[in-house]
Amino acid sequence: MIANPPSYLMLMVTTACNLSCAYCYEGETHAGKVMHLDTAMKALHMAAASGRAFHVQITGGEPLLAAEQVFTILEQIQRERLPATTALQTNGVLLDRETARELKRYRTGIGISIDGSPHVQEVLRGGSRETYRALTMLEEERIPFRVTAVLADRNVRELRGLLMALYPFSSACGFGLDLLVQKGAAAEKRCHLPRKQVLAAETFRLLETLDLFNRRRERPLEFRERALVLRSWRQGSSRAYCSACSGASLAVTPDGKLYPCTQAVGDPALFLGTVDSPSSAYTALSESTLFSEACTDCPLEGRCPGECPTRLLYNGDAGRELICELYRTIFQYCVQQGDIAV
C-alpha cells in the first residue's frame with residue numbers, strides 16, 4: 001500500500017497523441033496504449049482511501065483520442081460517488097460540441113494547451129485551426145476554460161499575442177506559463193529555454209497588456225503566476241508549489257505504472273511501483289519552495305511561490321534562474337501598480 005493516498009491524481013488515459021509538439025517531454029508518440037477501466041478504478045480507489053476529497057486530472061498523450069474511456073471513467077466516479085473533482089487537459093483538436101457538453105454535464109473542467117497566436121501554435125504544436133475552432137465552440141456554449149502555455153525561446157516574444165488571441169473569448173478565465181521541461185524532444189535541442197533578459201522584458205509587457213485587456217472584460221483573465229506571487233506575499237510565507245512537493249500526487253500510466261507526476265513518467269529513479277503493487281515509500285520530489293542561497297538577495301525571500309519540482313529536476317540551475325526572474329519581474333510590476341506594499 002502506498003504511504004499516503006494522493007490528493008491529486010493524474011490519469012494518463014492514453015500515451016497516443018495527434019500532434020508533434022516541439023518540446024514534448026514524453027517524446028513523439030502517435031500510437032499508444034489506452035488505460036483499462038480496471039486500472040483507472042484501482043488508482044481512484046487508492047486516492048479515495050483517505051476518505052478526503054481529491055482531484056483527478058485526465059491527461060495523456062491526448063486524452064480525447066480515448067474519449068470513450070474518459071467518459072466511462074467519469075461515469076464510474078459519479079456512480080460510486082467518489083469525492084473527486086475532475087478536469088481534462090487537451091490540445092483541443094478533437095474537442096467537439098457534444099464532447100464539451102458531456103464534460104460540462106460531468107462538471108469536468110477544461111484546460112486547453114495553447115502557446116500563442118494561431119501562427120505560433122501551428123509552428124510549435126500544429127492543429128491551430130482546430131484548436132481555435134474549439135475555443136469558438138466553447139465560447140458559444142458558454143463553457144469556461146483555462147489555457148496553459150509552454151514557455152520556450154520560440155514563443156517568449158509572442159506572449160502578448162496569446163493574450164490578444166484570447167481577447168474575443170469571454171469564457172477564457174485564466175492562463176498559466178509552464179517552462180518547457182528539458183526531457184524528451186526538448187532534451188534533443190529542438191526547443192530551448194528562453195533567455196533570462198528576454199523573459200523579464202516580455203513578462204513586463206505581458207502584464208501591462210493584461211491590465212489593459214482586463215479593463216475591457218466583464219470577467220478578468222487571471223494570470224496564474226501573478227496570482228501565485230500575490231497570494232504568497234499576502235500570506236507572508238512560502239508553501240509547497242504543488243502536491244508532488246509533499247508526496248501527495250500520483251501519475252498513472254495506461255499500463256498502471258506510478259510516478260510522482262506526468263513529467264516524471266519513464267524516469268526509473270522516480271518509479272513508484274504499479275497500481276497492483278505500489279511502493280510503500282513515496283519520496284517527495286521537494287519539500288521546499290526555496291531554490292538556493294541566492295534567495296537571500298530576493299525581495300520574495302520566504303514568500304516565494306516556488307517552482308514545479310520536476311521542472312527543477314530536469315531544468316537545473318537554468319530553470320531555477322528563469323523562474324526566479326519571472327517571479328521577480330511580476331513582483332516589481334505589482335509594487336509599481338500598488339498591488340504590493342513594501
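1. Phe204 counts as partly exposed, at 23% relative accessibility. Buried here means under 20% relative accessible area, exposed over 50%, partly exposed in between (1.4 Å probe, protein chains only). Tyr333 is buried, with a relative accessible area of 2%.

2. On provenance: this is a predicted model, where local features need pLDDT of at least 70, side-chain atom pairs count only at pLDDT 80 or more, and totals for chains, interfaces and linings use all residues. Residues are numbered from 1 along each chain as its sequence is written, and side-chain values use heavy atoms, with hydrogens and water left out.

3. The structure holds 7 aromatic pairs. Rings of Phe, Tyr and Trp (its six-membered ring) pair if their centres lie within 6.5 Å; planes under 30 degrees apart count as stacked, over 60 as edge-to-face, the rest as tilted. Phe145 and Phe169 are edge-to-face, 6.5 Å centre to centre with 70° between the planes. Both residues are buried. The rings of Phe204 and Tyr333 have centres 5.1 Å apart and planes at 80°, so this pair is edge-to-face. Phe204 sits in helix H7 and Tyr333 in helix H9, 129 residues apart. Helices are DSSP runs (H or I, at least four residues), numbered from the N terminus.

4. Asp211 is also in helix H7 (residues 196-215). Asp211 is buried, at 15% relative accessible area. Its side chain makes a polar contact of 2.9 Å with that of Arg226. Such a contact is a pair of N or O atoms within 3.5 Å; within protein, one must be able to donate a hydrogen and the other to accept it, and residues adjacent in sequence count only if both atoms are side-chain atoms.

Notes
Helix = DSSP H or I, 4+ residues; strand = E, 2+ residues; numbered from the N terminus.
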